[in-house]
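Please look over the model shown here before reading the notes. They cover the fold, the helix packing and a few individual residues.

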Amino acid sequence: MKKWNHAINSIMITSVSLTIIRFIIDYVDLNYLRPEVYAMRSAPWYVGGLVYGAVTLVVILVCIVIMAIVKHKQKNAS
């Protein structure tokens with residue numbers, strides 16, 4: 001069961017890390033490297049990363065459900 005726990009934790013950490021990196025890249029790109037593109041857009045800089053945030057939220061919720069199921073099966077097997 002430790003393998004499952006480790007894999008699920010790795011998936012959650014990777015998902016959150018990629019989302020944070022995406023927000024940082026968008027912020028630096030649009031505010032410092034290409035401010036003229038930011039001026040032309042009608043949406044704020046973080047709108048592009050909201051999709052990544054939503055996907056991350058879904059991934060974390062699915063992982064939490066899987067962890068609960070694994071713990072429940074482990075408890076019943078004992």
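The briefing below starts with the whole chain and then turns to single residues.

This is a predicted model. The chain holds three helices and zero strands. Helices H1 and H3 pack with their axes 10 Å apart. The mean pLDDT of the chain is 91.

**Confidence**

- Residues with a pLDDT of 70 or more make up 100% of the chain.
- Helix H1 has the highest mean pLDDT among the elements, at 93.
- Helix H2, residues 35–40, has the lowest, at 84.

**Overall fold**

- The order of elements from the N terminus is α-α-α.
- The radius of gyration of the chain is 18 Å, whereas a compact globule of 78 residues would have one near 12 Å.
- Along the principal axes, the C-alpha atoms fill a box of roughly 60 × 20 × 10 Å.
- Buried residues account for 14% of the 78 in the chain.
- Among contacts with a separation of 6 or more, 64% join residues 24 or more positions apart.

**Packing of H1 with H3**

- Helix H1 spans residues 2–33 and helix H3 spans residues 47–77; they pack at an angle of about 170 degrees.
- Angles over 145 degrees count as roughly antiparallel, so H1 is roughly antiparallel to H3.
- The H1 side of the contact consists of Asn-5, Ile-8, Asn-9, Ile-11, Met-12, Ser-15, Val-16, Thr-19, Arg-22, Phe-23 and Asp-26.
- The H3 side consists of Gly-48, Gly-49, Leu-50, Tyr-52, Gly-53, Thr-56, Val-59, Ile-60, Cys-63, Ile-64, Ile-66 and Met-67.
- By class, this contact of H1 with H3 has 13 nonpolar, eight polar and two charged residues.

**Thr-19**

- Thr-19 lies in helix H1 and is part of the contact with H3.
- Thr-19 counts as buried because its relative accessibility is 9%, and the cut-off for buried is under 20%.
- Beyond its neighbours within four places in sequence, Thr-19 is in contact with Tyr-52, Gly-53 and Thr-56.

**Arg-22**

- Arg-22 also belongs to helix H1 and to the contact with H3.
- Its relative accessibility is 27%, so Arg-22 counts as partly exposed; that class lies between the 20% and 50% cut-offs.
- Not counting residues up to four places away in sequence, Arg-22 touches Gly-48, Gly-49 and Tyr-52.

**Asp-26**

- Asp-26 sits in helix H1 and takes part in the contact with H3.
- Asp-26 is buried, because its relative accessible area is 12%.
- Leaving aside neighbours within four places in sequence, Asp-26 is in contact with Trp-45, Gly-48 and Gly-49.

**Lys-75**

- Lys-75 is in helix H3.
- Its relative accessible area is 65%, so Lys-75 is exposed; the cut-off for exposed is over 50%.
- Lys-75 and Arg-34 are 54 Å apart in space, C-alpha to C-alpha, and 41 residues apart in sequence.

Note on methods:
Residues numbered from 1 in each chain as written. Predicted model: local features only at pLDDT ≥ 70, side-chain atom pairs only at ≥ 80, totals over all residues. Heavy atoms only, no water. Axes fitted to C-alpha atoms, helices over the stretch in contact; angles between N-to-C directions. Helix = DSSP H or I, 4+ residues; strand = E, 2+ residues; numbered from the N terminus. Parallel < 35°, antiparallel > 145°, perpendicular 65-115°, else oblique. Contact = heavy atoms within 4.5 Å. Nonpolar A, V, L, I, M, F, W, Y, C, P; charged D, E, K, R; others polar. pLDDT = per-residue confidence, 0-100. Rg over C-alpha atoms; globule rule 2.2 N^0.38 Å. Buried < 20%, exposed > 50% of the residue type's maximum accessible area, 1.4 Å probe, protein only.
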